[in-house]
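Reader: I am new to this structure and would like a close look at a single part of it. Could you begin with one residue, describe its surroundings with care, and then lead me on from there?

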Amino acid sequence: MKIHPLVTDTDTLRQLCDRLARSPFVTVDTEFMRENTYYPDLCLIQIADGNEAAAIDPKAKGLDLKPLLDLLVENEDVLKIFHAGGQDLEIVHNLTGKTPHPLFDTQVAAMALGMGEQVGYSNLVESMIGVKLDKGARFTDWARRPLDQRQIDYAIGDVTHLATIFPKMLEKLRRTGRGEWLDTEMDRLGDAASYLNVPDLAWTRIRVPSRKADVLGRLKALAAWREHEAQGKNLPRGRIVKDETLADIASHPPKAQADLARVRGLSPGWAGNDIGRRLMTVLDDAGPLPDAEMPPREDRRPGLGKEGALIADLLKLLLKIRAREADVAPRLIARSEELEAIAAGVRDGLPLLAGWRYDVFGKDAIALVEGRTGFSVRNGKLLMSELAAE
């Protein structure tokens, strides 16, 4: 495979992308830093097909990434391949408002091939092609310039190995007939809506012990305010205010700005500075959370009391058995919330009750919940067996 020098100008990038646009697939990876910023700081992009590979420096002066971004999000003829690509897709979405399509993620594919739920890239490379990766440059400072050759070689290896692995994985999926098993997961991964940071929904990621509408209303307003502050300053949201501090302020709101000096987790300076004034304005304007936005109570789920929780545990055990028999990662078949829904009596709209998931697990899950099958032990193995009708 031909390895190009580091791409730092638009003309070279355009020529590279024109050639890659004629390939059936490209493998893609990024290097970024996000410890000190709200948005990931994109430092390097690597791309390859079966014939050539290159690293692209997005920090190069005057470089326009449009040829590359068009290849990723506008070209429907080229399959884009990532490994554990969630953060890479987030970066592309931040730049374009879209996600790469069509999409293939080798970590997701590994689940269908019985290689585990979150197989790491180095383990995948070693198991598929017998190559041990040098991890020495893994935690390098990718934002530092100039990049040295060891960094570039390490980064390009991520896509050259992936270009070798992908055809092997594809052949295994075809041989086992499991390619269609991945469709739902790939669609979920590529859903652009999942990469939107909506300030008005930020509160749903914060744990607070209260279900009072006024507390949750303040939490929603504070979380949205923090999101805007973090985005505007390009700082991690925790650098503005930590989650536990927001929850504490929502539960026990200070009456005046001077009281912020006594809030654990805030600098005493907030008692008199502009950011403290903005926080108090948000608190003063916050109203109770509307009934339509109130989170559901755990005990309101139909049938999922103590007995329902035990049924869900039995379903998890059954899932482990069926996943082991099928040699597939359990999470590819069903998620915990789906098992709880089945235990609670839900039957509509669940992926595990349709298609291959129903054949592998769903039909047995329903039989177990309805009392038509049970567990038994035979020759030291845990099995499912039909129960005699009463």
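Author: Asp274 is partly exposed, with a relative accessible area of 47%; partly exposed is the class between buried, which means under 20% relative accessible area, and exposed, which means over 50% (1.4 Å probe, protein chains only). Residues are numbered from 1 along each chain as its sequence is written, and side-chain values use heavy atoms, with hydrogens and water left out. The model is a predicted one, in which local features need pLDDT of at least 70 and side-chain atom pairs count only at pLDDT 80 or more, while totals for chains, interfaces and linings use all residues.

Asp274 has a salt-bridge partner in Arg277, the closest N and O atoms of the two being 2.3 Å apart; a salt bridge here is a side-chain nitrogen of Lys or Arg within 4 Å of a carboxyl oxygen of Asp or Glu. Both residues belong to helix α11 (residues 274–285), where, being three residues apart, they are separated by about one helical turn. Helices (H or I, at least four residues) and strands (E, at least two) are DSSP runs, numbered from the N terminus. Arg277 is partly exposed as well, with a relative accessible area of 39%.

This bridge is one of 25 salt bridges that the structure holds. Another joins the side chains of Asp70 and Lys66 at 2.6 Å, N to O, and these two residues, four apart in helix α2, are also separated by about one helical turn. Asp70 is partly exposed at a relative accessible area of 29%, and Lys66, at 49%, counts as partly exposed too.

A further salt bridge brings together the side chains of Glu185 and Arg357 (3.9 Å, N to O). Here the pair links distant parts of the chain, since Glu185 lies in helix α7 (residues 183–189) and Arg357 in helix α15 (residues 355–369), 172 residues apart. Glu185 counts as buried at 7% relative accessibility, and Arg357 is buried with a relative accessible area of 5%. These two residues, together with Arg188 and Arg335, are linked in a network of salt bridges.

The loop between α14 (336–343) and α15 holds Leu350, which is buried with a relative accessible area of 13%. Leaving aside residues up to four places away in sequence, Leu350 touches Glu338, Ala341 and Ile342, where contact means heavy atoms within 4.5 Å. From Asp41, Leu350 is 309 residues away in sequence and 38 Å away in space, C-alpha to C-alpha.

Turning to the strands, an open sheet of six has the order β1-β4-β3-β2-β5-β6, with mixed pairing. The strands β1 (2–3) and β6 (103–105) stand at its edges with a single partner strand each, so one side of each is left without a neighbour in the sheet. Within this sheet, β2 (residues 25–33) and β5 (residues 79–82) run parallel and are joined by three bridges; two strands pair if DSSP finds at least two bridges between them. Val26 has Lys80 in β5 as its bridge partner. Helix α2 (residues 66–73) packs on the sheet, touching β2, β3 (41–48), β4 (52–56) and β5, and its direction makes about 65° with that of β3. Helix α3 (residues 86–96) also packs on the sheet, touching β2, β3, β5 and β6, with a direction at about 85° to that of β2. Such axes are lines fitted to C-alpha atoms, for helices over the stretch in contact, and the angles run from 0 to 180 degrees between N-to-C directions.

Rings of Phe, Tyr and Trp (its six-membered ring) pair if their centres lie within 6.5 Å, and planes under 30 degrees apart count as stacked, over 60 as edge-to-face and the rest as tilted. By this rule there are six aromatic pairs. Phe104 and Phe166 form one that is edge-to-face, 5.1 Å centre to centre with 70° between the planes. Because Phe104 lies in strand β6 and Phe166 in helix α6 (residues 149–176), the pair ties together parts that are 62 residues apart in sequence.

Strands β7 (residues 373–378) and β8 (residues 381–386) run antiparallel and are joined by six bridges, with Ser376 standing opposite Leu383 in β8. The two strands form a hairpin with two residues between them, and Asn379 in the turn has a positive phi of about 55°.
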